Amino acid sequence: MALATALARAATLLLRGGLPPAACGAAVLVPSLRIHRQLCGVPAADEPSAANEPPAADEPSAAGEADPWEEADAEILRDVEPVVELVKDILHSRRYANGGFLSPDDEKVVVEKLLSHHPRADEKIGCGLDGIMVDRHPEFRQSRCLFVVRTNGDWEDFSYRKCVRAYIEGKYPSHADRFMKRHLVNRRSELFRVPK
(Lines give C-alpha, C1' and ligand atoms only; values in the text may rest on other atoms or scores of the structure.)
Protein backbone atom coordinates (compact mmCIF):
# COMPACT_ATOMS: atom_id res chain seq x y z
CA MET A 1 0.00 0.00 0.00
CA ALA A 2 2.89 2.33 0.77
CA LEU A 3 4.35 1.71 -2.69
CA ALA A 4 1.02 2.48 -4.35
CA THR A 5 0.73 5.70 -2.34
CA ALA A 6 4.28 6.75 -3.25
CA LEU A 7 3.68 6.00 -6.94
CA ALA A 8 0.39 7.91 -6.89
CA ARG A 9 2.08 10.94 -5.30
CA ALA A 10 4.95 10.81 -7.80
CA ALA A 11 2.50 10.55 -10.70
CA THR A 12 0.50 13.49 -9.36
CA LEU A 13 3.62 15.61 -9.00
CA LEU A 14 4.78 14.60 -12.47
CA LEU A 15 1.42 15.46 -14.05
CA ARG A 16 1.30 18.80 -12.28
CA GLY A 17 4.84 19.59 -13.39
CA GLY A 18 6.14 19.46 -9.81
CA LEU A 19 9.12 17.17 -10.44
CA PRO A 20 12.18 18.53 -12.25
CA PRO A 21 13.31 16.43 -15.26
CA ALA A 22 16.24 14.92 -13.29
CA ALA A 23 13.92 13.75 -10.51
CA CYS A 24 11.54 12.17 -13.04
CA GLY A 25 14.09 9.51 -13.89
CA ALA A 26 14.67 8.78 -10.21
CA ALA A 27 10.95 8.58 -9.51
CA VAL A 28 10.36 5.99 -12.23
CA LEU A 29 12.85 3.31 -11.23
CA VAL A 30 12.49 -0.17 -12.62
CA PRO A 31 10.73 -2.17 -9.90
CA SER A 32 12.27 -5.36 -8.61
CA LEU A 33 10.71 -8.67 -9.60
CA ARG A 34 8.92 -8.89 -6.22
CA ILE A 35 7.42 -5.39 -6.60
CA HIS A 36 6.55 -6.15 -10.22
CA ARG A 37 4.68 -9.26 -9.10
CA GLN A 38 2.86 -7.26 -6.42
CA LEU A 39 1.80 -4.64 -8.95
CA CYS A 40 0.67 -7.27 -11.44
CA GLY A 41 -1.10 -9.36 -8.83
CA VAL A 42 1.07 -12.43 -9.46
CA PRO A 43 2.09 -14.05 -6.17
CA ALA A 44 5.66 -15.15 -5.66
CA ALA A 45 6.22 -18.83 -4.87
CA ASP A 46 6.73 -18.11 -1.17
CA GLU A 47 3.69 -15.80 -0.83
CA PRO A 48 0.04 -16.69 -0.40
CA SER A 49 -2.12 -15.20 -3.16
CA ALA A 50 -4.33 -13.24 -0.72
CA ALA A 51 -1.32 -11.18 0.40
CA ASN A 52 -1.38 -9.25 -2.85
CA GLU A 53 -5.06 -8.41 -2.83
CA PRO A 54 -6.05 -4.92 -1.70
CA PRO A 55 -8.38 -4.63 1.27
CA ALA A 56 -12.07 -4.71 0.48
CA ALA A 57 -13.86 -1.39 0.05
CA ASP A 58 -15.17 -1.20 3.60
CA GLU A 59 -12.22 -2.88 5.38
CA PRO A 60 -9.58 -0.71 7.06
CA SER A 61 -6.09 -0.72 5.58
CA ALA A 62 -3.35 -2.79 7.18
CA ALA A 63 -0.93 -1.32 9.70
CA GLY A 64 -3.03 1.80 10.30
CA GLU A 65 -2.36 3.30 6.86
CA ALA A 66 -4.85 5.90 5.74
CA ASP A 67 -7.13 4.55 3.03
CA PRO A 68 -7.32 7.07 0.16
CA TRP A 69 -10.94 6.11 -0.52
CA GLU A 70 -11.95 6.73 3.11
CA GLU A 71 -10.19 10.10 3.05
CA ALA A 72 -11.98 11.06 -0.18
CA ASP A 73 -15.32 9.85 1.19
CA ALA A 74 -14.87 11.97 4.32
CA GLU A 75 -13.89 15.01 2.23
CA ILE A 76 -16.95 14.66 -0.03
CA LEU A 77 -19.19 14.25 3.02
CA ARG A 78 -17.74 17.40 4.63
CA ASP A 79 -18.42 19.22 1.36
CA VAL A 80 -22.01 18.15 0.64
CA GLU A 81 -23.46 17.24 4.02
CA PRO A 82 -24.26 20.82 5.19
CA VAL A 83 -26.27 21.53 2.03
CA VAL A 84 -28.07 18.18 2.16
CA GLU A 85 -28.93 18.75 5.83
CA LEU A 86 -30.29 22.21 4.99
CA VAL A 87 -32.52 20.82 2.24
CA LYS A 88 -33.76 18.00 4.47
CA ASP A 89 -34.61 20.62 7.10
CA ILE A 90 -36.40 22.78 4.52
CA LEU A 91 -38.44 19.86 3.17
CA HIS A 92 -39.19 17.94 6.34
CA SER A 93 -39.60 20.54 9.06
CA ARG A 94 -42.31 23.11 9.59
CA ARG A 95 -40.10 26.03 8.63
CA TYR A 96 -41.90 26.36 5.30
CA ALA A 97 -45.56 25.70 4.59
CA ASN A 98 -46.65 24.22 1.27
CA GLY A 99 -46.39 26.92 -1.36
CA GLY A 100 -43.92 28.91 0.76
CA PHE A 101 -40.91 30.64 -0.75
CA LEU A 102 -37.48 30.17 0.76
CA SER A 103 -35.88 32.96 2.75
CA PRO A 104 -33.21 34.92 0.84
CA ASP A 105 -30.41 33.13 2.75
CA ASP A 106 -31.79 29.63 2.14
CA GLU A 107 -32.56 30.49 -1.49
CA LYS A 108 -29.00 31.69 -2.07
CA VAL A 109 -27.56 28.40 -0.76
CA VAL A 110 -30.02 26.26 -2.76
CA VAL A 111 -29.40 28.17 -6.00
CA GLU A 112 -25.60 28.36 -5.68
CA LYS A 113 -24.89 24.94 -4.16
CA LEU A 114 -27.64 22.86 -5.79
CA LEU A 115 -29.65 24.29 -8.67
CA SER A 116 -26.58 25.61 -10.50
CA HIS A 117 -25.31 22.00 -10.67
CA HIS A 118 -28.54 20.43 -11.93
CA PRO A 119 -27.94 18.64 -15.26
CA ARG A 120 -30.70 20.77 -16.82
CA ALA A 121 -30.26 23.95 -14.78
CA ASP A 122 -30.72 26.33 -17.74
CA GLU A 123 -33.94 24.56 -18.72
CA LYS A 124 -35.23 24.64 -15.16
CA ILE A 125 -34.52 28.34 -14.71
CA GLY A 126 -35.87 29.20 -18.18
CA CYS A 127 -36.70 32.89 -18.60
CA GLY A 128 -35.37 33.79 -15.16
CA LEU A 129 -35.55 32.82 -11.51
CA ASP A 130 -38.13 34.55 -9.34
CA GLY A 131 -37.64 32.29 -6.33
CA ILE A 132 -37.49 28.78 -4.87
CA MET A 133 -40.70 27.35 -3.46
CA VAL A 134 -41.49 24.30 -1.30
CA ASP A 135 -44.65 22.36 -2.08
CA ARG A 136 -46.12 18.91 -2.60
CA HIS A 137 -45.12 17.12 -5.77
CA PRO A 138 -48.04 17.24 -8.27
CA GLU A 139 -47.86 13.47 -8.98
CA PHE A 140 -46.48 12.12 -5.71
CA ARG A 141 -48.65 14.02 -3.24
CA GLN A 142 -46.94 12.56 -0.17
CA SER A 143 -43.60 14.06 -1.18
CA ARG A 144 -42.54 17.64 -0.68
CA CYS A 145 -39.98 19.01 -3.07
CA LEU A 146 -38.31 22.17 -4.26
CA PHE A 147 -39.68 24.15 -7.19
CA VAL A 148 -38.08 26.79 -9.40
CA VAL A 149 -40.50 29.69 -9.81
CA ARG A 150 -39.72 31.60 -13.00
CA THR A 151 -40.19 35.30 -13.61
CA ASN A 152 -43.13 34.56 -15.95
CA GLY A 153 -44.96 32.74 -13.12
CA ASP A 154 -44.33 29.19 -14.35
CA TRP A 155 -42.86 26.73 -11.87
CA GLU A 156 -41.13 23.37 -12.17
CA ASP A 157 -39.83 20.90 -9.62
CA PHE A 158 -36.19 19.89 -9.42
CA SER A 159 -34.42 17.07 -7.65
CA TYR A 160 -31.83 18.14 -5.14
CA ARG A 161 -30.39 14.62 -5.32
CA LYS A 162 -29.69 15.08 -9.05
CA CYS A 163 -27.96 18.35 -8.19
CA VAL A 164 -25.80 16.71 -5.53
CA ARG A 165 -24.98 13.84 -7.88
CA ALA A 166 -23.90 16.20 -10.69
CA TYR A 167 -21.85 18.31 -8.26
CA ILE A 168 -19.98 15.27 -6.95
CA GLU A 169 -19.42 13.88 -10.47
CA GLY A 170 -17.96 17.22 -11.52
CA LYS A 171 -15.78 17.91 -8.50
CA TYR A 172 -14.76 14.37 -7.50
CA PRO A 173 -14.90 12.33 -10.73
CA SER A 174 -12.57 9.54 -9.59
CA HIS A 175 -14.57 8.90 -6.41
CA ALA A 176 -18.09 9.80 -7.54
CA ASP A 177 -19.40 6.34 -8.47
CA ARG A 178 -18.24 4.73 -5.26
CA PHE A 179 -19.55 7.60 -3.14
CA MET A 180 -22.96 7.48 -4.85
CA LYS A 181 -23.26 3.73 -4.33
CA ARG A 182 -22.38 4.14 -0.69
CA HIS A 183 -24.54 7.18 0.09
CA LEU A 184 -27.15 7.80 -2.61
CA VAL A 185 -28.16 4.21 -3.37
CA ASN A 186 -27.47 2.63 0.01
CA ARG A 187 -30.57 2.88 2.16
CA ARG A 188 -28.46 2.51 5.31
CA SER A 189 -26.55 5.72 4.62
CA GLU A 190 -27.38 8.59 6.94
CA LEU A 191 -26.72 11.27 4.31
CA PHE A 192 -30.13 11.19 2.61
CA ARG A 193 -32.14 9.54 5.37
CA VAL A 194 -35.23 11.55 6.24
CA PRO A 195 -35.65 12.40 9.93
CA LYS A 196 -38.78 10.95 11.50
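The buried residues of helix H7 (160-171) are covered by, among others, H4, S3, strand S4 (155-158) and H8; helices (H or I, at least four residues) and strands (E, at least two) are DSSP runs, numbered from the N terminus. These buried residues are Tyr160, Cys163, Val164, Tyr167 and Ile168, where buried means under 20% relative accessible area, exposed over 50%, and partly exposed in between (1.4 Å probe, protein chains only). Because they cover an arc of only 130° around the axis, they lie on the same side of H7; the arc is that of the directions from the helix axis to the C-beta atoms. The end C-alpha atoms of H7 are 16 Å apart, in agreement with the 16 Å that its twelve residues should span at 1.5 Å a residue, the expected span being 1.5 Å times one less than the number of residues.

The model is predicted: local features need pLDDT of at least 70 and side-chain atom pairs count only at pLDDT 80 or more, while totals for chains, interfaces and linings use all residues. Residues are numbered from 1 along each chain as its sequence is written, and side-chain values use heavy atoms, with hydrogens and water left out.

The protein chain has eight helices and four strands, arranged from the N terminus as α-α-α-α-β-α-α-β-β-β-α-α. Of its 196 residues, 31% are buried.

The largest nonpolar core contains 31 residues, and Leu146 and Ile168 have the most contacts inside it. Such a core is a set of buried Ala, Val, Leu, Ile, Met, Phe, Trp, Tyr and Cys residues joined through side-chain atoms within 4.5 Å. At least two of its residues come from each of helix H4 (68-92), strand S2 (129-136), strand S3 (144-150), H7 and helix H8 (176-185). H4 supplies the largest share, ten residues. Beyond four places in sequence, the contacts of Leu146 (heavy atoms within 4.5 Å) include Val87, Ile132, Phe158 and Tyr160.

Where does Glu107 lie? Glu107 belongs to helix H5 (residues 104-113). Glu107 is buried yet has no salt bridge, and the nearest side chain of opposite charge, Lys108, is 11 Å away. A salt bridge requires a side-chain nitrogen of Lys or Arg within 4 Å of a carboxyl oxygen of Asp or Glu; Lys and Arg count as positive and Asp and Glu as negative, with His and the chain ends not counted. Not counting residues up to four places away in sequence, Glu107 touches Leu102, Leu129, Gly131 and Ile132.

Leu102 lies in the loop between strand S1 (100-101) and H5 and is buried, with a relative accessible area of 6%.
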